[in-house]
Amino acid sequence: MTSQIDPKTTGLSWNFDNSYCQLPSFFFARQNPEPVRDPRLMIFNHSLSQELGISVSTAAEPSVALALGGNQIPTGAEPIAQAYAGHQFGHFAILGDGRAILLGEHLSPSGKRVDVQLKGSGQTPYSRRGDGRAALGPMLREYIISEAMQALGIPTTRSLAVVATGQPVYRETALPGAVLTRIAASHIRVGTFAYAATQGDQAQLQTLADYTWKRHYPECAEAENPYLCFLEAVMDRQASLIARWQQVGFIHGVMNTDNMSIAGETIDYGPCAFMDTYHADTVFSSIDQQGRYAYANQPLMAQWNLARFTEALLPLLHTDETEALALGRAAVYHFPERFQRYWLSGMRAKLGLFTEEASDQALIETLLRWMQNTAQDFTHTFRSLGSETLPSQPFFHDETFVAWHKEWQARLGRQPQTPEQVRAHMNAHNPAIIPRNARVEAALNAANETGDMSALHQLLEALRQPYLDLPQFADYQTPPPASAEPYRTFCGT
Ligand code: AMP
Ligand code: MG
């Protein structure tokens, strides 16, 4: 199907088919985005727009800016702010979209249903004391990291565009404001269920559960107990997702239950960052002083969040409370095994292992321990293992590494694959390029200070094919100098 362009209105030929706003009004508030002074398109994701069947010509850019800045409501949109709750650093709170508006759900040419959300689009009934706005830097940051995750093959929400508003937002200082257009499988969160379970009645909870499993896990229709099927399916996608994070050194930073998607996508890129030097305790977020969401804690915190999800679902799991509790407990209890299976299989791939041996886990852990003790770069070390340049790496002569390398080579010798197959497998699982903090900061600083987007575009280009060694992007593979200051991130508000 070819997309049509309608420059008279929005330039974007959305194909809206909104289902969430058919739910009882308990789940949302109708709210239009608040127009902005001088909407200007800072960046537009042409390849995503093609996938969505809404591609536009550059001539349509001013009208796209109007629409994605929130100044025009596209035909078919039914703007709402979604209600939800969440445990923030362990503490329960009633939240809701305080600075985001769901325009509606778009059906892509391939029949995929996606949420179209404007983030930073003004106040809503859920804004509490917030201004409903977002700063340009954090919105561009979400754009970069989410698109990098997509290229790495990790489930994620996408970024369609960032529109500068021409209005300042006031944080510690005045910053340029912006609106991000976020595309997601949906914005239904663990916290949406916590909201239904604590603020609603059982009928409302069931309405939400039915809506959500039908939308994201239609296979549960076949199950004897669709709610248990739904619970386990969500756990499975989260187990797989968090394992993928661990395998690329991604640290989300604020894994509150309102930031955990039921569809299993990485969502809400705030203080997240990729680890350079490997250390299990790495934390980037300035507000995470206890290290609750540290790298090594992510699987545990996912389980904690899923326990909250399970609690919310309990009344639906079984009519008998004791039975429901037993089913819920079992699901939560088995999460670490689910995670471990995904983790181990991903780590085997990173080491070029096709077969399974009981000692593989120890082999992986020995390598990680050595990396931590000698402060190796996570991405660079793994990429080097599958490279012909390995013997020229400074660490190649480290005694502990030499011993590990011997063991690993012996292990590779016990599987039938050729060295070429092993190398190809490793290179498909060990990215050469990740959005390194220093690169991201440099690109954002240029965009923020002078409006110069060239470094950002270059970075995005380099991140598009992260598993290839392209000579023009060789620079992007270099780890930062060991002397670099510890990196700190701040919440995207
Ligand atoms: P986050 O930390 O981005 O996941 O946001 C947590 C909650 O705070 C959500 O309910 C947001 O909608 C809300 N929030 C964050 N920033 C703002 C803001 N500037 N104005 C209003 N609400 C906000
Ligand atoms: Mg959030």
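In this predicted model, residues 24 or more positions apart account for 71% of the contacts in the protein with a separation of 6 or more. The protein has 15 helices and 12 strands. Its radius of gyration is 23 Å, close to the 23 Å that the globule rule gives for 493 residues, so the protein is as compact as a globular protein of that length.

**Overall dimensions, surface and charge**

- The C-alpha trace of the protein spans about 65 × 60 × 45 Å along its principal axes.
- Of the 493 residues, 58% count as buried.
- The protein has an accessible surface of about 20700 Å², and carbon and sulfur atoms supply 52% of that surface.
- There are 37 positive and 49 negative side chains in the protein. The centres of these two sets lie 2 Å apart.

**Cysteines**

- The count of disulfides in the protein comes to 1.
- That disulfide is formed by Cys220 and Cys229, whose sulfur atoms are 2.1 Å apart.
- The torsion about the S-S bond of Cys220 and Cys229 is about -75 degrees, so the disulfide is left-handed.
- Cys220 has 0% relative accessibility and therefore counts as buried, the cut-off for buried being under 20%.
- Cys21 is buried as well, at 6% relative accessibility.
- Cys272 has a relative accessible area of 1% and is also buried.

**Residues with a positive phi**

- Most residues other than glycine have a negative phi.
- Phe89 has a phi near 45 degrees, a positive value in a residue other than glycine.
- Phe89 sits in the loop between strand E4 (85-88) and strand E5 (91-94). With a relative accessible area of 24%, Phe89 is partly exposed.
- Ala375 is another residue other than glycine with a positive phi, near 55 degrees.
- The loop that holds Ala375 runs between H10 and helix H11 (378-385). At 47% relative accessibility, Ala375 counts as partly exposed.

**Residues in helices**

- Arg338 belongs to helix H9, which covers residues 335-350.
- The relative accessibility of Arg338 is 16%, so Arg338 counts as buried.
- Beyond residues up to four places away in sequence, Arg338 touches Glu232, Met235, Asp236 and Ala239.
- Gln372 lies in helix H10, residues 360-373.
- Gln372 counts as partly exposed, at 27% relative accessibility.
- With residues up to four places away in sequence not counted, Gln372 touches Tyr278, His279 and Ala280.
- Gln372 and Pro155 are 217 residues apart along the chain, and 27 Å separates their C-alpha atoms.

**A residue in a loop between strands**

- Asn259 is found in the loop between strand E11 (250-251) and strand E12 (273-274).
- Although placed in a loop, Asn259 counts as buried, with 11% relative accessibility.
- The residues that Asn259 touches, not counting those up to four places away in sequence, are Arg189, His252, Val254, Ile267 and Asp268.

- Phe490 lies in the segment after helix H15 (454-463).
- At 59% relative accessibility, Phe490 counts as exposed, since over 50% is the cut-off for that class.

Technical notes: Residues numbered from 1 in each chain as written. Chains lettered and ligands numbered in written order. Predicted model: local features only at pLDDT ≥ 70, side-chain atom pairs only at ≥ 80, totals over all residues. Heavy atoms only, no water. Helix = DSSP H or I, 4+ residues; strand = E, 2+ residues; numbered from the N terminus. Rg over C-alpha atoms; globule rule 2.2 N^0.38 Å. Buried < 20%, exposed > 50% of the residue type's maximum accessible area, 1.4 Å probe, protein only. Contact = heavy atoms within 4.5 Å. Areas by Shrake-Rupley, 256 points an atom, 1.4 Å probe, with all protein chains shown as cover. Lys, Arg positive; Asp, Glu negative; His and termini not counted. Charge placed at Lys NZ, Arg CZ, Asp CG, Glu CD. Disulfide = S-S within 2.5 Å.
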